[in-house]
Amino acid sequence: MKDVKRDELEAISLEVRKDIVRMVGIARANGPAPSLALANLLVYLYWEWLNVRPAERKKPDRDRFVTSHWDAVPALYACLAHIGFFGREELWSYRRLGATLQGCPDLRTPGIDAPSGARGGSLGIAVGMCLALRLDNLESRVHCLLGEDELREGVLWESVLSAASSGLGRLVAIIDVNRGGPARDAEAAAVSRGFEAFGWSVFEVNGGDFMLLDSVFSALDFDDAKPKVIIARTKVDQELSSIESLCDSAKPMSDDEMDHALSLLERRSGSGGVFNDWT
Amino acid sequence: MTGRNKSGSFSGYLEALSEILRDCPDAVVLESVSGDKNRSDNSRRIRAPIAEQDMVLTASGLALTGKRVFVLAPDLPLYVARGYEQIRASVAVPGVNVILSSVQDGDLLDRDGSVRQMNEDFALMRLLPNMAVLAPSDKRCAYVLAHRLLERDGPAYVRLSHADVPNIYEDDDSNFHVGGARLISEGDGVTICANGVMVAEAVKASHILAQQGIMAEIIDCYSIKPFPEQALLSSVRRTGCCVVAEKHADVAGLYGAVAECLCENYTVPARSVAIEGDFGQSGTPDELQEYYGLTHREIVHNVVQVWAMRRR
């Protein structure tokens with residue numbers, strides 16, 4: 001990946017992150033930190049990796065993306081809006097009655113291939129999709145984004161086993177690990193060994209770095225029948241994480257905090273001041 | 001009424017599925033297999049080792065990619081309970097074309113006892129919006145309903161049976177529909193709503209009742225949801241009383257559907273012949289049917305009671 005490309009993706013991600021702060025702030029939803037941390041990864045997927053186009057959103061051989069990682073939903077919606085699946089104005093009614101953008105992914109939203117299902121449930125849906133695509137001789141790949149908390153759900157491991165025994169080489173699970181600390185690191189290591197023992201190919205990557213993401217994804221070997229799992233470490237940047245409620249999953253942001261977060265993001269894009277055109 | 005060959009609704013359903021696989025390129029059968037058999041999923045008859053919740057999710061994924069999925073799990077009577085959250089969130093909420101089926105009887109299962117005997121399946125599935133609930137009464141009925149489900153969009157649950165019941169319908173009978181019902185015998189004394197294996201018991205009961213001068217009108221309520229309201233109402237308007245017979249808990253199954261319909265439209269005395277507030281236990285199918293009172297004698301007993309109170 002060239003530096004120019006990276007700069008372009010960084011710029012898109014900055015806009016996506018601003019919209020995440022706005023939509024979560026307006027919805028009075030809880031902390032957008034996990035979504036902000038995931039923005040680069042999703043921008044990489046939607047702009048560089050996934051074979052999906054808003055103009056052909058029912059094309060049978062498109063790639064699929066499913067997720068039951070609810071913390072990631074604002075980032076997903078912001079990406080889908082920026083890439084053109086629906087207008088950005090939909091973001092401002094996220095989580096409201098009758099909205100296109102439901103709290104959890106729903107088939108009514110353009111660009112969403114599967115309902116989120118229950119916790120840990122999206123991997124099983126991805127397995128079914130892979131089987132159907134293989135029956136149709138299509139080369140689409142199925143991507144499943146999981147939060148690290150979902151790894152504790154038993155149903156997920158049923159699907160880990162069945163994906164491996166079916167030889168679903170076109171299945172790519174992505175695990176978002178956004179918390180640090182020694183206990184977490186030990187758990188992540190155990191998870192990685194678990195996937196490997198079940199017959200998956202395991203990769204690890206810094207989920208915030210476009211160059212590294214590109215080298216991991218473009219090296220995936222889809223002729224190999226092993227399903228793939230990418231353990232992506234993500235982190236909210238230092239400056240934003242100083243805003244307390246941003247990282248608090250139980251407390252909505254206040255208007256002031258939202259403005260502060262936006263101004264921090266704005267400063268980086270060089271325009272300065274609080275960007276308020278959404279009101 | 002034919003009663004020539006004996007065989008359960010499960011065999012009729014299987015026969016239909018093999019025709020559907022042959023004729024419909026979008027159809028997929030997802031079948032759970034016990035033991036250490038390997039997964040085979042390169043044909044449209046996918047066999048997978050038992051993992052109930054993953055099986056439901058896989059069915060959803062197949063359906064979301066354009067397949068019409070028939071889930072066949074004859075050895076897993078409880079998967080609708082174990083996979084309930086998956087059925088709810090990934091099948092019923094998106095309303096995809098997944099047809100769930102299960103078998104709730106058989107010699108092995110009945111000897112396994114309470115943990116493996118599921119008497120709440122109609123109730124659980126009825127609760128889910130979008131979900132149709134069917135309980136075919138014989139081989140032919142199951143065969144035709146499988147084909148009907150292929151023509152219809154949305155999820156459904158079909159309860160099948162291994163029980164060796166006499167055939168009720170002729171082999172060329174095709175008058176079965178999702179949301180339909182069949183009048184098996186006409187009468188003006190009492191309405192008996194039954195489904196599955198209890199239809200045969202209702203028929204036996206009607207012979208005894210006829211000797212006592214009560215002419216029973218038997219409705220085969222093979223479709224619990226959508227519920228055939230008009231068939232029930234036009235019958236109870238003449239008979240003025242009703243007995244429901246089902247191999248299910250006495251709550252929220254067919255009796256629940258009948259009672260809701262009667263309360264809203266035309267109230268008549270009604271009684272239920274079902275499993276009352278109890279789990280199962282080990283036994284032979286015949287012993288269990290006797291123990292839990294799922295018999296023609298129990299139907300007769302209840303008919304006599306409601307008949308005495310009938311609305312005139």
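Leaving aside its neighbours within four places in sequence, which residues is A:Trp200 in contact with?

A: This is a predicted model, in which local features need pLDDT of at least 70, side-chain atom pairs count only at pLDDT 80 or more, and totals for chains, interfaces and linings use all residues. Residues are numbered from 1 along each chain as its sequence is written, chains are lettered from A and ligands numbered from 1 in the order in which they are written, and side-chain values use heavy atoms, with hydrogens and water left out.

Contact means heavy atoms within 4.5 Å. With its neighbours within four places in sequence set aside, A:Trp200 is in contact with A:Leu123, A:Val160, A:Ala163, A:Ala164, A:Leu171, A:Ala173, A:Phe195, A:Lys226, A:Pro227, A:Lys228 and A:Val229.

A:Trp200 also belongs to the largest nonpolar core, where, of the 78 residues, A:Leu171, A:Trp200 and B:Met125 touch the most other members. Such a core is a set of buried Ala, Val, Leu, Ile, Met, Phe, Trp, Tyr and Cys residues joined through side-chain atoms within 4.5 Å, and buried means under 20% relative accessible area, exposed over 50%, and partly exposed in between, using a 1.4 Å probe and protein chains only. Helix H4 (residues 122–135) of chain A gives the largest share of this core, 9 residues; helices (H or I, at least four residues) and strands (E, at least two) are DSSP runs, numbered from the N terminus. Because domain 1 (9–160) and domain 2 (182–308) of chain B both give residues to this core, it lies between them, the domain bounds coming from an automatic or database domain assignment. A second, separate core of 65 residues includes A:Ile26, A:Val172, A:Val205 and A:Leu262.

Aromatic rings can be described as pairs too, and the structure holds 11 of these over all chains. Rings of Phe, Tyr and Trp (its six-membered ring) pair if their centres lie within 6.5 Å, and planes under 30 degrees apart count as stacked, over 60 as edge-to-face and the rest as tilted. The pair of A:Trp157 and A:Phe198 is tilted, because the ring centres are 5.8 Å apart and the planes stand at 40°. This pair links distant parts of the chain, 41 residues apart, since A:Trp157 is in helix H5 (residues 154–165) of chain A, while A:Phe198 is in the loop between helix H6 (182–197) and strand E4 (201–206) of chain A. A:Phe198 has 32% relative accessibility and therefore counts as partly exposed.
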